[in-house]
Amino acid sequence: MASSAVAERPKKMTTSVPTTRPTSRSPETPQTPAVAGEVSHVAAEGFHVLYGGRPAVKSVTMNIPPGRVTAIIGPSGCGKSTFLRAINRMNDLIPGCTVQGRLALDGQDLYVPQLDVVALRRKVGMVFQKPNPFPKSIFDNVAYGPRIHGISSRTHLSEIVEQSLSRAGLWDEVKDRQHDNALRLSGGQQQRLCIARALAVDPEVLLMDEPASALDPRSTARVEELIDELSGQYTIIIVTHNMQQAARVSELTAFFYEGELIEFGPTKEIFTKPRQEKTEAYITGRFG
């Protein structure tokens with residue numbers, strides 16, 4: 001992997017992915033469940049997700065700290081998107097999907113029967129792989145969530161819309177056409193609109209499932225810049241197939257393989273001194 005891919009955002013990562021085997025590595029058995037000294041925001045403990053009884057995520061234990069950007073990488077079908085969707089209960093919509101173990105937000109088990117899922121999804125926003133704006137105006141797209149949560153004042157909604165579009169880096173481009181149909185926006189603008197829509201309900205956590213995979217390089221760069229701008233304000237968890245992107249935008253990286261968490265730690269260490277052989281094989285392109 002070329003080192004220039006990592007040099008674009010030096011504060012996140014400044015070293016290219018290694019092409020030689022590290023000189024030392026721990027045995028291929030233990031996971032890295034937590035980052036030393038970090039408080040947990042999202043915590044999994046022996047967490048499984050099963051589709052029709054078949055495991056898609058297997059006994060994952062990891063603690064994701066607040067206010068950081070965490071990337072989840074791994075080959076197709078390794079369970080990374082399934083784990084991401086479990087954090088805001090999106091897998092509930094899939095028939096036959098069940099969970100075991102514990103997954104918590106701020107210490108609250110997300111799968112207890114009494115949990116208010118609507119309230120959870122206000123705390124945990126989601127941005128999908130393909131931009132999915134509603135066939136409504138730009139304003140109504142962003143105001144949709146606040147309205148559902150009981151905000152009806154036009155003045156208040158206007159403030160929320162402007163703030164959210166500004167946070168998503170879109171306000172200057174659309175402030176004079178807020179009542180245009182959102183589907184008229186470019187693909188990159190639509191994705192930033194979806195990010196603004198997620199931010200409008202003031203979440204604690206922002207989940208992003210391959211948010212730039214359907215975008216052109218320029219729009220991808222803008223989304224990555226936006227992630228960088230939002231880091232620290234939100235706990236951001238991004239699933240990506242693009243390891244260069246993970247290196248550019250994230251501070252922590254989790255590597256999943258066949259439903260298991262193989263390794264989790266600071267991005268620089270994962271990409272330059274992986275502790276597990278499977279991690280090193282994946283990031284150097286020997287499979288995946």
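**View 1. The salt bridge between E224 and R248.** In this predicted model, E224 and R248 form a salt bridge whose closest N and O atoms are 2.8 Å apart. E224 belongs to helix α8, whereas R248 belongs to helix α9 (residues 243-249), so the pair ties together parts that are 24 residues apart in sequence. Both E224 and R248 are buried.

**View 2. The contact of helices α7 and α8.** The axes of α7 and α8 (residues 217-230) come within 9 Å and cross at roughly 20°. Because angles under 35 degrees count as roughly parallel, the two helices are roughly parallel to each other. The crossing of α7 past α8 is right-handed. On the α7 side, G188, Q191, R192, I195 and L199 take part; they meet S219, R222, V223, L226 and L230 of α8. The residues of this contact comprise 5 nonpolar, 3 polar and 2 charged.

**View 3. The surroundings of G187.** G187 is found in helix α7, which covers residues 187-199. With a relative accessibility of 36%, G187 counts as partly exposed. Leaving aside residues up to four places away in sequence, G187 touches P131 and L215. P131 lies 56 residues from G187 along the chain, yet their C-alpha atoms are separated by 6.9 Å.

**View 4. Further salt bridges.** The whole structure contains 9 salt bridges. One of them joins D140 to R147, with the closest N and O atoms 2.9 Å apart. D140 is partly exposed, at 25% relative accessible area, and R147 is partly exposed, at 36%. Another joins R286 to E280, again with a closest N and O separation of 2.9 Å. Here R286 is partly exposed at 48%, whereas E280 is buried at 1%.

How values were computed. Residues numbered from 1 in each chain as written. Predicted model: local features only at pLDDT ≥ 70, side-chain atom pairs only at ≥ 80, totals over all residues. Heavy atoms only, no water. Helix = DSSP H or I, 4+ residues; strand = E, 2+ residues; numbered from the N terminus. Buried < 20%, exposed > 50% of the residue type's maximum accessible area, 1.4 Å probe, protein only. Contact = heavy atoms within 4.5 Å. Axes fitted to C-alpha atoms, helices over the stretch in contact; angles between N-to-C directions. Parallel < 35°, antiparallel > 145°, perpendicular 65-115°, else oblique. Left-handed = near helix turned anticlockwise from the far one by under 90°. Nonpolar A, V, L, I, M, F, W, Y, C, P; charged D, E, K, R; others polar. Salt bridge = Lys/Arg side-chain N within 4 Å of Asp/Glu carboxyl O.
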